[in-house]
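My entries follow in the order in which I looked things up.

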Amino acid sequence: MSVRVINSAEFNDSIKTGVSVVDFNAKWCGPCRMLGPVLEKLSGEMADVRFYAVDVDEDPDVAEQFHITSIPYVAVFRDGQKVAENVGFIPEPAMKAFIQQNI
Amino acid sequence: MRYDIAIIGTGPAGVSAALTAKNRNKNFLLIGSRSGSEKIRKTHMVLNYPGLPDVSGEALNQAFLDQLQDAGIGITDKRVANVYAMDGYFTLQVDRDFIEASTVILTTGTSFGRPLPGENENLGRGVSYCATCDAPLYKGKETVVVGYSPKEEAEAAFLSETCSKVTYIPMYKGKVRLPESVEVISGRPVSVEKADGKMRLNLAPFAGAEGEERHIDASCIFLLRESVAPDKLVPGLQLDGNHVKTDRSMATNLPGLFAAGDLTGLPYQISKAAGEGNIAAISAAQYLDKRK
């Protein structure tokens with residue numbers, strides 16, 4: 001599996017069921033570019049979790065919905081509800097642990 | 001181009017690490033203040049530094065700087081905003097550039113300041129340490145910048161190009177050079193809190209000054225200090241209280257990242273820092289050699 005880029009129209013349906021991880025990022029954000037490959041790698045390792053990415057410049061309404069004030073911002077959703085969030089870059093082992101403890 | 005070692009900090013630990021790294025023929029970058037250690041410079045007399053009995057702090061600091069110069073080791077006088085642990089290397093955000101290094105030695109000392117009440121809770125949610133990182137998120141919004149040194153004026157100026165309004169609060173004396181659009185006010189930050197859907201910075205007058213307590217509300221409050229606490233500087237870094245946890249080889253929980261000097265804990269002594277800097281550089285060199 002890999003990280004699928006989604007827009008605001010697809011957002012609600014994408015996270016509606018199961019466990020999803022959403023990466024809120026932007027093209028100008030350095031740490032976002034570094035976190036991207038980490039999530040890509042984890043998406044291949046964690047088969048039961050779906051991974052998505054939202055560009056906050058292209059889809060600001062989704063970003064507004066979650067009052068995102070700093071990126072990268074990674075949120076874990078379970079059946080449509082946000083259960084956890086992490087702001088900023090964290091190394092791969094820490095990101096894996098963060099997702100696993102919120103599955 | 002990826003450096004073998006990035007050494008952050010130019011106090012005795014950083015200087016010692018750099019001299020040892022040079023000895024080991026490693027390709028390294030020494031990042032920090034070109035004036036060395038402010039702490040040592042301000043010390044009247046140092047009585048227990050081996051080899052230099054009863055030396056003034058100023059002379060000792062200068063001796064460190066002179067030795068670096070004689071060894072042909074330059075200092076990159078920039079600020080490291082973040083160190084990101086990647087897969088087998090590190091990416092450092094240095095002012096507005098990103099540089100890569102296979103190993104990092106942190107010797108940033110203990111002068112990162114105590115957080116304001118409300119600061120940690122709101123970090124990333126309306127409080128930020130990096131104007132360069134977050135400026136685009138506040139396009140057309142109002143922000144406040146608390147600058148702890150004149151270097152931060154450039155950050156406030158940068159923000160004023162994107163934000164609708166920037167208010168600057170200098171925590172130092174002297175003339176402030178900023179674009180006209182930036183409002184400069186005087187006050188001592190007391191706390192930070194969420195209020196009316198915005199971030200509120202509560203201010204008190206400086207000691208001995210007239211005035212009442214007041215507050216400013218904004219979309220984001222940038223607290224720009226000289227240095228950042230190590231776990232904020234390096235996400236994922238394990239601390240032991242306020243210090244960075246290391247083993248006797250100066251290794252931290254992040255493979256390839258080492259720490260030395262006051263940053264690793266007591267006692268805060270110059271010879272201890274120099275010793276740890278030396279060990280950290282040798283450990284980094286061994287780590288690199290093992291991977292070849």
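Sheet of chain A. I began with the strands, keeping in mind that the model is predicted, and I traced an open sheet of five strands in chain A whose order is β1-β3-β2-β4-β5, with mixed pairing. I then asked which strands stand at the edges. These are β1 (3–5) and β5 (81–87) of chain A, and each has a single partner strand, so one side of each is left without a neighbour in the sheet. Ignoring direction, I noted that neighbouring strands of this sheet are turned by 25 degrees against each other on average.

Pairing at β5(A). I followed the pairing of this strand with β4 (residues 73–78) of chain A, and found the two running antiparallel and joined by six bridges. As one position to look at in the viewer, I picked A:A75, whose bridge partner in β5(A) is A:E85.

Helices α2 and α4 of chain A. For this pair I recorded axes that come within 10 Å and cross at roughly 50 degrees. Angles from 65 to 115 degrees would count as roughly perpendicular and those under 35 as roughly parallel, and α2(A) and α4(A) are therefore oblique to each other. The crossing in which α2(A) passes α4(A) is right-handed. On the α2(A) side I listed A:V38, A:K41 and A:L42, which meet A:E92, A:M95, A:K96 and A:I99 of α4(A). Sorted by class, this contact has four nonpolar and three charged residues, and no polar ones.

I looked up A:A47, which lies in the loop between α2 and β3 (49–55) of chain A. Is A:A47 buried or exposed? A residue counts as exposed if 12 or fewer other C-beta atoms lie within 10 Å of its own, and A:A47, with 8 such neighbours, therefore counts as exposed. I also noted that A:A47 and A:M1 are 46 residues apart along the chain, while their C-alpha atoms are separated by 7.1 Å.

Contact between the chains. I counted 14 residues from chain A and 19 residues from chain B in this contact. On the side of chain A that touches chain B, the elements giving two or more residues are α2 (30–45) and α4 (92–100), and α2(A) gives the most, with three residues. By class, this side of chain A divides into nine nonpolar, four polar and one charged.

Helices α1 and α8 of chain B. Turning to the other chain, I found that α1 (residues 12–23) packs against α8(B) at an angle of about 40 degrees, with the axes 7 Å apart, and that the crossing is right-handed. The residues that meet include B:P12, B:G14 and B:A17 from α1(B) and B:A273, B:G277 and B:A281 from α8(B). The contact as a whole divides into 12 nonpolar, five polar and one charged.

A glycine in α8(B). I finished with B:G277, found in helix α8 (residues 270–291) of chain B. Since 20 or more other C-beta atoms within 10 Å make a residue buried, B:G277 is buried, with 30. Leaving aside neighbours within four places in sequence, the contacts of B:G277 include B:V15, B:S16, B:T107, B:A260 and B:G261. I also checked B:G57, which is 220 residues from B:G277 in sequence and 19 Å from it in space, C-alpha to C-alpha.

Notes: Residues are numbered from 1 along each chain as its sequence is written. Chains are lettered from A and ligands numbered from 1 in the order in which they are written. This is a predicted model: local features need pLDDT of at least 70, side-chain atom pairs count only at pLDDT 80 or more; totals for chains, interfaces and linings use all residues. Two residues are in contact if their C-beta atoms, placed from the backbone, lie within 7 Å. Helices (H or I, at least four residues) and strands (E, at least two) are DSSP runs, numbered from the N terminus. Ala, Val, Leu, Ile, Met, Phe, Trp, Tyr, Cys and Pro count as nonpolar, Asp, Glu, Lys and Arg as charged, and the others, Gly among them, as polar. Axes are lines fitted to C-alpha atoms, for helices over the stretch in contact, and angles run from 0 to 180 degrees between N-to-C directions. Angles under 35 degrees count as roughly parallel, over 145 as roughly antiparallel, 65 to 115 as roughly perpendicular and the rest as oblique. A crossing is left-handed if the near helix is turned anticlockwise from the far one by less than a right angle, and right-handed if clockwise. Two strands pair if DSSP finds at least two bridges between them.
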